[in-house]
Amino acid sequence: GIILFIIPFFWLKPGEMNLGGDAGRLYFYDPNSFLKNYTLYNFTASGKGVESIGYVFSSYTFFLYLLKFIFQSSTILIGISNGLVLSVGFLSVYFIIQELIGTREFGLKKRVIDYSSILAGLFYVLSPELTTGGWANPILSHNQFFLNPFIFLLVLKFFLTKNNLYAIAVLLITVVFAVNFSFAGAPTFFSFYPLALAFLFCYIKYIRKLSIPYKRVGFGLLLFLLLHAFHLFPELSAVFSFTSAVSKTVFLVDGASSRGGLDYFTAIASSTKVSFSWMSLNQGEKNSLFAVYMIVPLVLVGGFYFNKGKTLLLSGIFFLIALFFDTANITDTGFFFYKLLFRIPGFSMFRNFHGQWVYVFMFFYTILFGQAIAIVANRLSRCLAFAFIGSFFMFIILFGIPFLNGSIPMP
């Protein structure tokens with residue numbers, strides 16, 4: 001985790017900055033001025049006072065302002081931001097896998113649990129599917145890279161221990177990264193959290209056979225709404241102001257949502273291949289050497305072959321659901337069904353389907369991979385297990401070198 005935090009500091013030379021991405025990311029250059037001069041929302045020039053929804057910069061920019069006040073350098077600020085994303089993403093996956101495969105159901109040796117958790121964390125942060133995507137020109141919602149596994153881990157620990165500190169930590173984190181829970185971050189929210197919470201509900205109730213504190217969960221949701229009221233209330237007002245442009249993107253007003261969503265989806269649907277997602281490769285990858293990533297799904301097959309528990313099966317179900325939404329073109333029937341979903345108000349947010357679902361897909365892919373590689377390694381002798389895990393470690397690091405040395409995020 002420490003090494004992954006340090007690596008991004010070598011992506012830029014002293015005094016150099018990468019401001020690519022939506023909104024120019026000037027909040028890294030001067031967060032104090034950005035905080036003072038960029039209001040929460042802009043207003044349309046029509047004089048009707050209808051909200052024009054934008055990014056919720058305030059809480060995140062204030063966090064950056066504190067860091068800039070301490071470290072002064074914008075280059076260091078970018079390094080800290082990237083380092084946190086990488087290291088927290090890795091550690092979150094590591095502890096999730098530790099929790100999932102450390103139960104009696106798996107009956108694994110401790111060293112297998114540790115090594116498999118490390119491999120799963122590296123697989124997540126160094127997968128070509130994610131590293132060659134949002135890192136080159138990241139936007140604020142790219143923080144889902146680490147927020148998804150981090151919040152999943154905290155909620156999992158809350159359900160297992162019933163310790164309210166985990167719930168408090170979740171609420172505070174959502175306030176700092178409010179953009180991922182706002183109108184602008186709606187695709188990242190609705191793609192991940194419904195599936196993640198459904199998985200956790202099934203896992204806690206039917207596999208771990210523990211009670212779910214519904215009253216505390218309900219109280220936590222109420223606190224979430226109150227903490228985010230500063231942006232949710234104006235956003236909801238804009239959504240239900242049926243004359244606003246925002247409302248027309250959510251509801252089927254004059255067919256605007258249909259034209260803007262369904263037509264866009266059908267135009268790009270053929271560019272996404274199930275085989276590339278199945279191998280955790282970036283869509284359109286041309287390097288023939290990446291064909292060796294076929295060994296990853298083969299490990300999944302081996303895990304299911306030797307599996308005797310329920311957790312892997314549950315993970316496999318959610319993996320397939322995420323795979324469908326990530327590719328949206330599995331058979332003609334699947335393609336037709338995905339097009340029907342655009343009749344749901346707001347579903348047009350998933351018109352760029354792969355870009356919105358890939359983080360969710362890779363999360364469940366990683367959960368599945370971490371369990372499968374542990375199951376297979378546990379069936380091998382000590383020497384073979386060491387060679388098996390060591391080979392995967394070298395394989396993941398080798399193909400992650402372009403990302404680690406900065407040639408991908410800093411093109």
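**View 1. Helix α18 is mostly covered in this predicted model, with 25 of its 26 residues buried.** The helix takes in residues 353-378, and from its first C-alpha to its last it reaches 37 Å, which is close to the 38 Å expected at 1.5 Å a residue. Along the way α18 has a kink of about 30°, and this kink is centred on Tyr 359.

**View 2. Gln 356 is a residue of helix α18.** With a relative accessible area of 18%, Gln 356 counts as buried, because buried means under 20% relative accessible area. Leaving aside residues up to four places away in sequence, Gln 356 touches Pro 187 and Ser 191 as well as Met 349 and Phe 350.

**View 3. Helix α8, made up of residues 164-176, has one face lined by its buried residues.** Its 13 residues reach 19 Å from the first C-alpha to the last, close to the 18 Å expected at 1.5 Å a residue. Val 170, Leu 171, Ile 173 and Thr 174 are buried in α8; seen down the helix axis, the buried residues fall within an arc of 165°, so they line one face of the helix. The partners against which these buried residues pack are α7 (144-161) and α10 (214-227), whereas Leu 165 and Leu 172, on the other side of α8, are exposed.

**View 4. At the start of α8, the side chain of Asn 163 reaches towards the backbone of Leu 165.** A side-chain oxygen of Asn 163 comes to within 2.9 Å of the backbone nitrogen of Leu 165, and Leu 165 is itself one of the exposed residues of this helix.

**View 5. Pro 402 lies in helix α19, which covers residues 382-404.** The relative accessible area of Pro 402 is 34%, so this residue is partly exposed. Although Pro 402 and Thr 132 are 270 residues apart along the chain, their C-alpha atoms are separated by 9.3 Å.

**View 6. Confidence in the prediction is lowest in strand β1 and highest in helix α7.** Strand β1, at residues 42-43, has a mean pLDDT of 45, while α7 stands at 95; for the chain, the average pLDDT is 82, and 85% of the residues score at least 70. Over residues 40-48 the pLDDT stays under 50, and for this stretch the model has 20 contacts beyond four places in sequence. Helix α7, where confidence is highest, is also one of the helices against which the buried residues of α8 pack.

Note on methods
Residues numbered from 1 in each chain as written. Predicted model: local features only at pLDDT ≥ 70, side-chain atom pairs only at ≥ 80, totals over all residues. Heavy atoms only, no water. Helix = DSSP H or I, 4+ residues; strand = E, 2+ residues; numbered from the N terminus. Expected span 1.5 Å × (residues − 1). Bend = angle between axes of the 7 residues up to and from the residue. Buried < 20%, exposed > 50% of the residue type's maximum accessible area, 1.4 Å probe, protein only. Arc of directions from axis to C-beta. Contact = heavy atoms within 4.5 Å. Polar contact = N/O pair within 3.5 Å; in protein donor to acceptor, adjacent residues only side chain to side chain. pLDDT = per-residue confidence, 0-100.
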